Amino acid sequence: MREGYGSPWPHRALVVFSLLVIFFLVAPLAILVIQSFTNESYLSFPPPSFGFRWYREVFTSSDWRDAVGLSVLIAILVTPLSLILGTLAAFGLDRGPMRGRQSLYAVMISPMVLPHIVLGLGIFRIALQLNIEDTLLAFVPAHLTITVPFVVISVGASLQTFNVTLEEAAMSLGASRWRAVWHITLPVIRPGLIAGAIFSFIISFDEFIITFFLATYEQTLPLEMFSTLMFQVKPSIAAISTLTLAVTAALTAMLMFRGQILGGGRIVK
Amino acid sequence: MSTVELRKVEKRYGSVAAVHSLDLAIEPGEFVTLLGPSGCGKSTTLRMVAGFVQPNAGTIEIGGKDVTGIPPHRREVGLVFQNYALFPHMSVYKNVEFGLKMRGVDPSERRSRVEEALGLVKLGDYSERMPAQLSGGQQQRVALARALVIRPNVLLLDEPFGALDKQLRDHMRIELRDLQRKLNISTMFVTHDQDEALSMSDRIVVMSEGTVCQVGGPNAIYEKPNSRFVADFMGRSNLFEARQVDESNDARTLDAEGLLLNADKTQELNGGNAIVMVRPEKIELLESETNRDGSVTVGGKIMSSVYLGSTVQYEVKVEDGPTVLVVRQNVEDGSISAQPGSPVFLSIPHNAVYIIPQ
Ligand SMILES: Nc1ncnc2c1ncn2[C@@H]1O[C@H](COP(=O)(O)OP(=O)(O)OP(=O)(O)O)[C@@H](O)[C@H]1O
Ligand SMILES: [Mg+2]
């Protein structure tokens, strides 16, 4: 208990308020997770009985397996491409001429703020024209348009704090420009690269609106969930949602603790 | 053959010349310092030698080879920066090894050379540390080892001690100079600190606004500056406008703003007017009028005195003449009463009067 700082009431009110916010954010998810372990054939809360019935169902159903497979495949293709394109763009913005830098940056990250439904419509038109709708050739570039800006931002931020004399030191020691970037710059900005990669993966895995335009027979996980919901509300939805939640949470945790897990400790200036 | 030779080198940014028609040669084993005020083009010159800045005109040779237009990584130069620029994700050992790896030196030779280089800078026990775990002085020594291990033709340092505190800076000066002599490596050193330049260099290149003002040994630069700018930049000095009023067989008598001075006649005087320089530590302060051979003695009044520890700095107003700066060693323990207002006499030897050539 804090004393001597005036009334404890504002402090208490803040605690209560924060708890309420957390409750409203977490409660629906918690209910969903609990419901996913029901043994009944309908959703109810609290469930009358518990078991893994719907997880078995999800893992044995070929529809779900195909959907998860496609989503993972797209995300695995999108992540490295997004990282490469975004990193190149960030380098260009960081090292290129000053003039027009701001506007170019704004254009590059605009897909983040444009309504995805508009983007989706535009990409759909192009895909139709090229006759590639409903294929990876459409899904992957479409996802890239919205994942690349995240890499541009995270790598760009790292480059801004990067000390360019490190590259010059490497070059004076006999490294060509490429080797200097490869051996020095990229390792030093690694936290930014990892953040960009994780963002790309999560966003691609989660993407619904643009994929919705492009897909007809092929179903990604979000699309499959949506179409299942359209017909009936079965507990399998709760099970697959819980699994998705687990993967996303794991990746986000990796993002938050990347310094400790992947970066080998912070680099102290 | 010079280790480094710059001929008529020019670098312009827009319409401004950062470096203008610069000629400079560094001989094997020589320690050359570029000295000058901020913005005079020292770093630009160094970076042209390193290859990070391309000159607009002129040629640069390193080790007898024309390297103008050759990228930095094929120039065989060792570079040390003010901010150390150690690779933060590599240990001290890996930092020093980097240049050898890039050159494809085989692993066993790499090990012995890295150990030798770390030994030179007395950091043999620190090879597994990360740069962030070292003090500023230690980091700069690693940077030095990293630059030396590749056995460059020339060592380039841009204000390497700028980030260190004074004591460490003085210590590093001595250490760098010893190391440089031991390895006999040609060195180009950039600083705007004249003490640093005077204490370390074989030759000093004084620069101003992109051009060379004077090149010479520390002694010549300090005692015989070739311009008012150099005299002013190199330590404290009394500078007077003077004209000749009399001359004898071996001396000229000059009227320096009301102060009558004798100067050796070996010094040329173009026209009747000149600027004369008297270094403040060469003037003696006397309590009573004492005439000495080869000196002039004039009376004056102490205007101010500043206690600087090892020295005391006085401003003395000469009767009907200028105010003169005098610096004395703090040895007498107050035998001169330093109260402002006390009368004193100045004794100025002939050979302390230097006529700046115009
Ligand atoms: N990249 C650049 N673009 C434009 N002007 C530049 C650039 N680099 C240097 N200059 C200009 O060239 C001149 C010389 O700069 P330089 O860095 O060589 O000075 P310096 O002698 O090293 O000064 P300091 O002691 O402050 O480091 C300065 O007027 C500076 O503004
Ligand atoms: Mg500089």
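A polar contact is a pair of N or O atoms within 3.5 Å; within protein, one must be able to donate a hydrogen and the other to accept it, and residues adjacent in sequence count only if both atoms are side-chain atoms. The model is predicted, so local features need pLDDT of at least 70 and side-chain atom pairs count only at pLDDT 80 or more, while totals for chains, interfaces and linings use all residues. Residues are numbered from 1 along each chain as its sequence is written, chains are lettered from A and ligands numbered from 1 in the order in which they are written, and side-chain values use heavy atoms, without hydrogens and water.

**Exercise 1.** Determine which atoms of chain B lie by the oxygen atoms of ligand 1.

*Solution.*
1. A polar side-chain atom of S38(B) is 2.5 Å from an oxygen atom of ligand 1.
2. For G41(B), a polar backbone atom lies 3.0 Å from an oxygen atom of the ligand.
3. In E159(B), a side-chain N or O atom is 3.5 Å from an oxygen atom of ligand 1.

**Exercise 2.** Identify the salt bridge between chain A and chain B.

*Solution.*
1. The criterion is a side-chain nitrogen of Lys or Arg within 4 Å of a carboxyl oxygen of Asp or Glu.
2. Across the interface, one salt bridge is found.
3. Its partners are R47(B) and E168(A), at 2.9 Å, N to O.

**Exercise 3.** State how many residues of each chain are in contact (heavy atoms within 4.5 Å).

*Solution.*
1. Chain A contributes 19 residues.
2. Chain B contributes 23 residues.
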